Amino acid sequence: MATRNVRVPDASAADGALSRRRLLRMAGVGLGLVVAGAVTTACGPEEDGASGGTGEPKPGGGTAGGDAFTTPPAGSAPRALWQEPTGVGSLGSDEVLGVVGNVVLIADDPLTARDLATGKKLWSLPGAAQPGARLIMGGDTLYLASGEYDGDLVGLDPATGKETWRSRLGGGYAQPRPIGADAERVYVIAGILEKDLSSRTNVIAAVDIRTGKAVWNEKRDTGTEESGLTSSVSGERLVYTDHRENLTVRDTTTGRQLWSKKISRSNFERIAVHEGAVFVADGRHLRAFALDDGAERWALETEEFDTFNGPAVLEGVLYASDSAHALWAVDPATGKRRWHNPELRDVSVPRQFTKVGDTLYGATEFDENGGVQAYDARDGKLRWTYNDGTGAIDPWYVVSGGKRLVALHGRRLTALPAV
């Protein structure tokens, strides 16, 4: 196992095989929406065979809607606090699920908010959002493309669902979609309408929150696709990847492109931004680039023929898994490994992360042996795996709020105690 920090030329790593998650997302997100099937009825927490991967009920859990959680024995997953059905499923964006304060948001059909403690529906808005859309927060406002497909951008109060902001960009743009927001602007990608109503080029634009008008727009290269962007806003930098395997950074004030690099694996992969650097999975390598000039700060290498999955930075530590079924914790400033757990051959590795206290939680891909996993954040040891027992091959997503986790799997939303 190669674990040293290395310096390698750009785009030298092999792309590796496409995962099932990426293939399904390309089929769904590339169309602009996820097709929603019939709503299925989830069984309640006491009826569900929630388990640590064995299909048998496990002890532990808590009182539904309460705060008194019981820590399960070692190796056992907690029971669900509540479960609710959803309509859109979990083959949409990575940001289809979110928690704001005590509100759980899901870009369902309709857009829905639930109480984090009880699962009770707080509000729902038919036609407010495109099913499976990214939930983009800027300040205390949720920004979405209008579910009416009229080219408008809307801002909602996540606590009440009330519309607090709207921008009408006019007829020149085709289906603008938010890709990031901050306290002053919403950043969107949109096609440019031609006279024949086709759209062969697109722009990235910044919309001023006070006026609702575009303060800048930058035309992207001809043939560059609008779907498949992974993006992040950090201070005066807008960072994104795209289908053309580019990693690009722009100045949020002017829209000027500061730099762009080719990377071998970008489509639908997560990127992480932290303290002036962007971190990307680039085939066999995990790389860090300076936001201001694109200089490579460090690169970490996994086993030959294996690839890294998209990273996350939580509380100053970078976490990533790889196709060798290993989990890594890395110092984002130096690339120095804090710990490495290669003993996950018999389980699915997490692809998306959240953290509560000394526990790192991960959501796995489609494998029936996966689910929501809990790791000791100090050494990377796996504590338990929660699986809802449905057998659905959909990916898992997990977010945290206070002492609770919320997981999306297939057409089921589950709350777990963060223990």
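This is a predicted model: local features need pLDDT of at least 70, side-chain atom pairs count only at pLDDT 80 or more; totals for chains, interfaces and linings use all residues.
Reader: How many helices and strands does the protein have?
Author: One helix and 34 strands. Both are DSSP runs numbered from the N terminus: helices are H or I with at least four residues, strands are E with at least two.

Reader: What share of the residues is buried?
Author: Buried residues make up 57% of the 419. Buried means under 20% relative accessible area, exposed means over 50%, and partly exposed is in between (1.4 Å probe, protein chains only).

Reader: What about contacts between residues 24 or more positions apart?
Author: They account for 49% of the contacts with a separation of 6 or more. Contact means heavy atoms within 4.5 Å.

Reader: Let's do sheets. What is the strand order in the open sheet with β8?
Author: The order is β8-β9-β10-β11, four strands with antiparallel pairing. Two strands pair if DSSP finds at least two bridges between them.

Reader: Which strands stand at the edges?
Author: β8 (136-138) and β11 (163-168). Each has a single partner strand, so one side of each is left without a neighbour in the sheet.

Reader: What is the average twist?
Author: It averages 25° from one strand to the next. Axes are lines fitted to C-alpha atoms, for helices over the stretch in contact, and angles run from 0 to 180 degrees between N-to-C directions.

Reader: How many bridges pair β9 with β10?
Author: Four, in the antiparallel sense, between residues 141-145 of β9 and residues 152-156 of β10. Ala145 stands opposite Leu153 in β10.

Reader: How many residues lie between β16 and β17 in their hairpin?
Author: Two. Gly235 in the turn has a positive phi of about 60°. Strands β16 (residues 230-234) and β17 (residues 237-241) pair in the antiparallel sense over five bridges. Val233 has Leu238 in β17 as its bridge partner.

Reader: Switching to charges. How many salt bridges are in the whole structure?
Author: A search finds 14. Each is a side-chain nitrogen of Lys or Arg within 4 Å of a carboxyl oxygen of Asp or Glu.

Reader: What does Arg166 pair with?
Author: Asp152, with the closest N and O atoms 2.8 Å apart. Arg166 lies in strand β11 and Asp152 in strand β10, so the pair ties together parts 14 residues apart in sequence. Arg166 is partly exposed at 28% relative accessibility, whereas Asp152 is buried at 8%.

Reader: What about Lys355?
Author: Lys355 forms a salt bridge with Glu315, and the closest N and O atoms are 2.8 Å apart. This pair links distant parts of the chain, 40 residues apart: Lys355 is in strand β28 (residues 352-356), and Glu315 is in the loop between β24 and β25 (317-322). Lys355 is buried at 16%, while Glu315 is exposed at 61%. As for networks, salt bridges that share partners join Asp152, Glu163 and Arg166 into one.

Reader: Asp208: buried or exposed?
Author: Buried, at 6% relative accessible area. Asp208 forms a salt bridge with Arg210, closest N and O atoms 3.1 Å apart. Arg210 is exposed at 76%.

Reader: Backbone next. What is the phi of Glu315?
Author: Positive, about 50°, although Glu315 is not a glycine. Phe305 also is not a glycine and has a positive phi of about 75°. Phe305 lies in the loop between β23 and β24 and is exposed at 75% relative accessibility. Most residues other than glycine have a negative phi.

Reader: Last one. Where is Asn309?
Author: In the loop between β23 (296-301) and β24 (312-314). Asn309 is buried at 4% relative accessibility.

Reader: Which side chains does Asn309 contact?
Author: The Asn309 side chain makes a polar contact of 2.8 Å with the side chain of Ser321. Another polar contact, of 3.3 Å, joins the side chains of Asn309 and Arg351. A polar contact is a pair of N or O atoms within 3.5 Å; within protein, one must be able to donate a hydrogen and the other to accept it, and residues adjacent in sequence count only if both atoms are side-chain atoms.

Definitions and conventions. Residues are numbered from 1 along each chain as its sequence is written. Side-chain values use heavy atoms; hydrogens and water are left out.
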